[in-house]
Structure formats: structure tokens, C-alpha cells
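Have the sequence and the 3D view open side by side as you read.

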Amino acid sequence: MHPDLERVLIDTATLQNRIQALGTAIAQATVNAPELVLVGILKGSLIFMADLMRALDREVAYDCIAVSSYGASTESTGVVRLNKDLDLDIAGKHVIIVEDIIDSGLTLKYVHDMLLRRNPAALEICALLNKPERRNVDVQVDYCGFDIPNEFVVGYGLDYAERYRNLAYIGVLSPRVYTH
Ligand code: PRP
Ligand code: MN
Ligand code: MG
């Protein structure tokens, strides 16, 4: 375990098993959708997205959108900024937004509302982690990996000030790392 962590919350094998199950569920639910597009929200969703799409036993395209609301802090600034838009046209396609974590819900609501205006045939949300206690704005999660408690987690794409994204598991960051 990384020395900055308090404990491992979700180990690698548990993550990978759950992602396989999500892939199976998504493939089954989209059998009648000719064009499936995964939209990853950079940067946090990168690792999850890469594993999820390889767990999908069907044809799929993917694209990425970049937004930011946290910066180098453990608290959301409350303002979502669009840093990079999609390259693909999603009109008429079955789109699934792929996110690493839903905290306040602000990031997903912003992206969901923006993509909805482009007339996809379907627009769903797949989030690896969900913190129900922290929800401020209402978002409907169609595929969820794990509900987790209100603790600051890192790893598997999730960062604190850009660190720990490359851990192959999800861990709880020791408060001493971010309290001064
Ligand atoms: C984090 C995380 C989600 C978002 C969740 O991203 O990856 O995208 O915050 O929080 P919310 O539900 O309160 O909006 P961050 O802004 O830190 O950018 P990053 O993905 O590049 O780390
Ligand atoms: Mn993010
Ligand atoms: Mg972040």
C-alpha cells in the first residue's frame, strides 16, 4: 500500500471483477443500439474507461471531454470549466458518459446537460464510484460500480493535486497529506 494512504478501500481484483460485470450489463443493454459511444470525462475517468471498454464484448467508439472543478484541492470550486470538447458527433447515437466518481454531481450534471442538447438517441451515465452523502445536484446514474463513504479517495485515475492516479486500487488518503 502507498504510504500516504490510510487504508485500501477497493482492491485491484474487486475493481476488475466489478468492471467486467458492468461491461457485461452494458453490452446486454445496448444489443439493439447500432452505434455506442463512450464519453470519458478527463482526467479522472481515463483508467476506468480503458478497462471498461475492453470489458465490452461489442463494437464501441470512444471520445473524451475535459472539464475541471477541483483543481489542487479536496473541495470542489463549484464552477465547472470545459477544457476540451468532443471530436465525435453524437447525434442519433447511444452515448454513455463514463466517470470515475460522482461527488456533488456538479461535473456530471454539466456534461449531461451539454450532451443532451446534441440529440443523442440515448444518454446514460456510468460511474465507477458514487458518494451518495455528498450529492448536491440530482443526477441519475444508470450504471454504478460502488457506493462509497464520504472519505477522500485516490487511485485508479483519481488524484489529489495530480498525484496517485496510477495506483491500481482505490485507497483512502491520510488526512495528514492534505491538512497543514
Ligand atoms: C473529480 C472527479 C469527477 C469530479 C466529481 O474531477 O474526477 O470528475 O471531480 O466531483 P463532483 O461530482 O463534485 O463534480 P476533477 O475536477 O478533480 O478533475 P480530474 O478528473 O482531472 O481530476
Ligand atoms: Mn474528473
Ligand atoms: Mg481531480
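Strands count as paired here if DSSP finds at least two bridges between them. Helices (H or I, at least four residues) and strands (E, at least two) are DSSP runs, numbered from the N terminus.

E8 also runs antiparallel to E9, joined by two bridges; Val 154 has Gly 171 as its bridge partner in E9. Put together, that gives an open sheet of three strands in the order E1-E9-E8. E1 (5-10) and E8 (153-154) are the edge strands with a single partner each, so one side of each has no neighbour in the sheet.

## Ground rules

This is a predicted model: local features need pLDDT of at least 70, side-chain atom pairs count only at pLDDT 80 or more, and totals for chains, interfaces and linings use all residues. Residues are numbered from 1 along each chain as its sequence is written, while chains are lettered from A and ligands numbered from 1 in the order in which they are written.

## The protein as a whole

The protein has four helices and nine strands, and along the sequence they follow β-α-β-α-β-β-β-α-β-β-β-β-α. The C-alpha trace spans about 50 × 35 × 25 Å along its principal axes.

Of the 180 residues, 32% are buried. Buried means 20 or more other C-beta atoms within 10 Å of the residue's own, exposed means 12 or fewer, and partly exposed is in between, with C-beta atoms placed from the backbone. Among contacts with a separation of 6 or more, 65% are between residues 24 or more positions apart; a contact is two C-beta atoms, placed from the backbone, within 7 Å.

Which residues of H1 are buried? They are Leu 15, Leu 22, Gly 23 and Ile 26. Seen down the axis of H1, the buried residues fall within an arc of 105°, so they line one face; the arc is that of the directions from the helix axis to the C-beta atoms. Ala 13, Asn 17 and Gln 28 are exposed on the other side of H1.

The buried residues of H1 pack against several elements, including H2 (46-54), E5 (94-102) and E6 (122-130). H2 has its own buried residues, Ile 47, Phe 48, Met 49 and Leu 52, and what covers them includes H1, E2 (36-42), E3 (61-68), E5 and E6.

## The core and a buried proline

The largest nonpolar core has 41 residues, and Ile 97, Val 98 and Cys 126 have the most contacts inside it. Such a core is a set of buried Ala, Val, Leu, Ile, Met, Phe, Trp, Tyr and Cys residues joined through C-beta atoms within 7 Å. Beyond its neighbours within four places in sequence, Val 98 touches residues including Phe 48, Met 49, Leu 52 and Cys 126.

Pro 120 sits in the loop between H3 (106-116) and E6, and is buried, with 20 other C-beta atoms within 10 Å. Pro 120 and His 94 are 26 residues apart in sequence and 6.2 Å apart in space, C-alpha to C-alpha.
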